[in-house]
Amino acid sequence: MSPDLDVAVVGAGIAGLATAFRLRAQGRSVHVFEAAEDIGGRMRTVHRDGFIADTGAEMIGTTGYPATWRLIDDLRLCHDDIPLIGADLAMWRDDRAHRHVGDPRALLTGAGLGVAARLDLIALLGGAAARRRAYDVDAPEATPLGTRTIAEISHGDLHDYLLQPLAGGYFGWDTAEACAGPFVSHLLAVGATKTFRTYREGMDTLARRLAEQVEVSTGVPVREVATTGTGARLVADRTPLTARTVVLAVPAPVAADLHPGAPEYVRLCRYRPMIKVVCPLSRPLDALPGSFALAVPEVENEVLAGVVFDDRKHLGRVPAGRGMVSLVVSPGAVRDLIGASDDEISRTLVAHAEQYLPGLAHALRDTAVTRFEHGLPMPTAAALAARAEFADRAPAAVEYVGDWYTLRPSSEAAVRSAELVAERLSTADSPAVARG
């Protein structure tokens, strides 16, 4: 009996849509199912009243994002629509912002780090750069740092005023649990912050373009997935369907819940929740000129982890004369705020941000709160230990894609996973050559 579908992809984030696109290019028939009413996942953008607000991911790199740029070229997107942000990242310390974080000039200016911490940073990144091939973003389990955590490879200022604000604030990680190897690999790959870019029309630009190329059904949750003798079976909303191949393009914990036969690695991948508050403003703020974002170390503020000046990423992101900033909740505070109302979260974050952004409360027009139960994948020792077996397993009737595939906290990891899985399936004698 023929299956209802050739390939069913569960999830219309960038990983799922890119997978559908790659498989369709191989001649496969693909249908994407998305539980939400909108596509994009953690790269979703809201377009409202002339404001273009990224609810999740903020930027891509000029370097370190090769799979993304291949996809951009394949979709014939104009590179001019992905401009350089043209500003720097700042770090808060001693009641002021220190610019040029993540830029080579920071080794001279300090960017909030003392001399000893700068020397430690040179030793860490210099040693890693000398062995760059060993820091392969596709093989996070194989770096020279093994399972040492970020807290274990850094101390004092280097940890408190650089690595913790980056890994904790922008990735949502606990530096005492997150392994340093994948983190260092990512830093080496993306390079200086001055090379960061954004999509002129929002971070969902790729998702929207991909959705024009593949079949997508939104508002259709998939409730379970199981293997069969000839492929896989899924229940989409309340309708049982069969497919030769099912690709789960959802966070690992969701994939493990959907598919009881998921490999051990899928079950060991951990996430931490994240909260972001987007603030449309009646005017742009004058604070921190020349910077597109401010990282706030946890030792300075236990509630607010960072600020992004959305109106500085590109002038067209807001109406003329307006402004917009995003506020990121510190990992420790997320646990206390995740169940709070939007109003309480907004009031709390704005009150804390006023110290760094004078006039924020007065210029505030509205707020939009986004909660991510699964923020970004955190590379724990247990997950790293199981990853090699996961990566080397035979092609199966149920496959997996997502940023957690390589434990890299970026949209590039999601797009790269689509390439890797499409290649896995193309080399199999049959889409259902193995079961699992």
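Reader: Let's start with a strand pair. In E11, which residue is the bridge partner of Glu 224?
Author: That's Val 235. One thing to keep in mind as we go: this is a predicted model.
Reader: Got it. How many bridges join E10 to E11, and which way do they run?
Author: Strand E10 (residues 222-227) and E11 are joined by five bridges, and they run antiparallel. Together E10 and E11 make a hairpin, with four residues between them.
Reader: What does strand E12 pair with?
Author: Strand E12 (residues 239-248) pairs with E11, again over five bridges and in the antiparallel sense. Ala 236 is the residue that stands opposite Thr 239 in E12.
Reader: And how many residues sit between E11 and E12?
Author: Two, in another hairpin. Asp 237, in that turn, has a positive phi of about 60°.
Reader: Is E11 mostly covered or mostly open?
Author: Mostly covered. Strand E11 covers residues 232-236, and four of its five residues are buried.
Reader: Okay, new topic: sheets. What's the strand order in the open sheet of seven strands?
Author: The order goes E7-E6-E15-E16-E17-E14-E18, and the pairing is mixed.
Reader: Which strands stand at the edges?
Author: Strand E7 (96-101) and E18 do. Each has a single partner strand, so one side of each is left without a neighbour in the sheet. From one strand to the next, the twist averages 20°.
Reader: Can we zoom in on E15 and E16? What sits opposite Val 308?
Author: Ala 293 does, with Val 308 being in E16. Strand E15 (residues 291-295) and strand E16 (residues 304-309) pair in the antiparallel sense over three bridges.
Reader: Why is H16 called largely enclosed?
Author: Because 13 of the 17 residues of H16 are buried, so the rest of the structure largely encloses it. Buried here means under 20% relative accessible area.
Reader: How many of the lining residues are charged?
Author: Four are charged, alongside seven nonpolar and three polar.

Conventions. Residues numbered from 1 in each chain as written. Predicted model: local features only at pLDDT ≥ 70, side-chain atom pairs only at ≥ 80, totals over all residues. Heavy atoms only, no water. Nonpolar A, V, L, I, M, F, W, Y, C, P; charged D, E, K, R; others polar. Buried < 20%, exposed > 50% of the residue type's maximum accessible area, 1.4 Å probe, protein only. Pairing = 2+ DSSP bridges. Axes fitted to C-alpha atoms, helices over the stretch in contact; angles between N-to-C directions.
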